[in-house]
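Let's walk through this structure together, one contact at a time. Please keep the viewer open as you read.

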Amino acid sequence: MTDAELARRASSGDRAAFSALVATHRGAVFGFARRLTRDADLAADVMQETFLTALQKLAGWRGEGSLRGWLLSIARSQVLLARRRRAGEPAVFEPVESLPELGLEAGWGAPLDPLALAERVEAQSGLERALAALPDEAREVLLLRDVEGLSGDETAAALGLSVAAMKSRLHRARLQLVAAVKRGGLHGE
Amino acid sequence: MASEKSVGGLRCFEVLEQLSDYLDGELSAEQRSKLEAHLAGCEECTRFGGEFGAVVAALRQKLGAADVPEAAARRLDEALAKKA
């Protein structure tokens, strides 16, 4: 049964259908929240609030885009809410670098070190570390577009951005990730 | 620095700008063929483009859904059951 069919049944009160949706998507929602917050306990709270919200609002889901995109969009809002609730958490200031600066940090025009890069890319832990070292803004666009595979339109909608702004943010984030992979993901941890 | 060199009618900086669109299949046929002509004649951009593509591909393929801890899954089920 497709997500749309399950969602239709679930919104008519079929709890087994909703449970099937939860079983299908909870790993993605938890993974997204954990990688975004870098906090497994907070991610578990976000996952729970996401599905409680989804249960409440499912009837209003219009079936535009994927259900996973809709759930991740709710999860992102829950992360933002949780951060706002954490009084005293300092705002992270990330200086905006130009594209050539980002490129240079990522090794654009630098001598080749293919072996080291291949090893780091091959190791999932190296990628996780590099991703965790990025600013939140970069991490969330990479998680939605590349890790979760949402379309450009869905990613832009989840972030509340125009497609053009999302694409610009995505490109900068990918360059930052290449740089972080090359550094071994140590910076910013 | 690679940015000033022009190969195939594109400077290296313009290639750097377009790498994501190239990877995502969002360049026009004309833009794509210009970029590929540049890559064919520019070793530095070919190398960096390869690295960039390898990192994005790994991100897409290697980091899937996470395993939900048992306690968190149980708590979720309980919270949903209360809403029944």
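Within chain A, 12 residues of domain 1 are in contact with 11 residues of domain 2, where two residues are in contact if their C-beta atoms, placed from the backbone, lie within 7 Å. On the domain 1 side, α2 (15–37) and α4 (67–85) of chain A each supply at least two residues. The largest share of that side, five residues, is from α4(A). Helices here are DSSP runs of H or I with at least four residues, strands are runs of E with at least two, and both are numbered from the N terminus. Sorted by class, the side of domain 1 that touches domain 2 holds four nonpolar, four polar and four charged residues. For these classes, Ala, Val, Leu, Ile, Met, Phe, Trp, Tyr, Cys and Pro count as nonpolar, Asp, Glu, Lys and Arg as charged, and the others, Gly among them, as polar.

The domain assignment of chain A places domain 1 at 3–85 and domain 2 at 99–183; such bounds come from an automatic or database domain assignment. The C-alpha centres of the two domains of chain A are 24 Å apart.

A word on conventions: this is a predicted model, in which local features need pLDDT of at least 70 and side-chain atom pairs count only at pLDDT 80 or more, while totals for chains, interfaces and linings use all residues. Residues are numbered from 1 along each chain as its sequence is written, and chains are lettered from A and ligands numbered from 1 in the order in which they are written.

Next, look at where the chains meet. In this interface, 38 residues of chain A are in contact with 33 residues of chain B. On the chain A side, α2, α3 (40–57), α5 (99–105), α6 (114–122), α7 (124–132), α8 (136–147) and α10 (163–183) each supply at least two residues. α2(A) gives the most, with eight residues. The side of chain A that touches chain B is made up of 22 nonpolar, nine polar and seven charged residues.

Now for helix pairs in chain A. Two packed helices are described by the angle between their axes and the distance between the axes. The axes of α7(A) and α10(A) come within 8 Å and cross at roughly 125°; axes are lines fitted to C-alpha atoms, for helices over the stretch in contact, and angles run from 0 to 180 degrees between N-to-C directions. α7(A) and α10(A) are therefore oblique to each other, given that angles under 35 degrees count as roughly parallel, over 145 as roughly antiparallel, 65 to 115 as roughly perpendicular and the rest as oblique. In this pair, A:Gly126, A:Leu127, A:Ala130 and A:Leu131 of α7(A) meet A:Leu177, A:Ala180 and A:Val181 of α10(A). Six residues of this contact are nonpolar, one is polar and none is charged.

In another pair, the axes of α8(A) and α9 (residues 152–159) of chain A come within 9 Å and cross at roughly 145°. Here A:Glu140, A:Val141, A:Leu144 and A:Arg145 of α8(A) make the contact with A:Thr155, A:Ala158 and A:Leu159 of α9(A). That contact has four nonpolar, one polar and two charged residues.

Turning to chain B, its secondary structure comes to four helices and two strands, running β-β-α-α-α-α from the N terminus on. Helix α1 (residues 12–23) and helix α3 (residues 43–62) of chain B pack at an angle of about 30°, with their axes 11 Å apart, and are therefore roughly parallel to each other. α1(B) contributes B:Cys12, B:Val15, B:Leu19 and B:Leu23 to the contact, and α3(B) contributes B:Glu44, B:Cys45, B:Gly49, B:Phe52, B:Gly53 and B:Val56. Among these residues, seven are nonpolar, two polar and one charged. Taken along the principal axes, the C-alpha atoms of chain B fill a box of roughly 65 × 25 × 20 Å.
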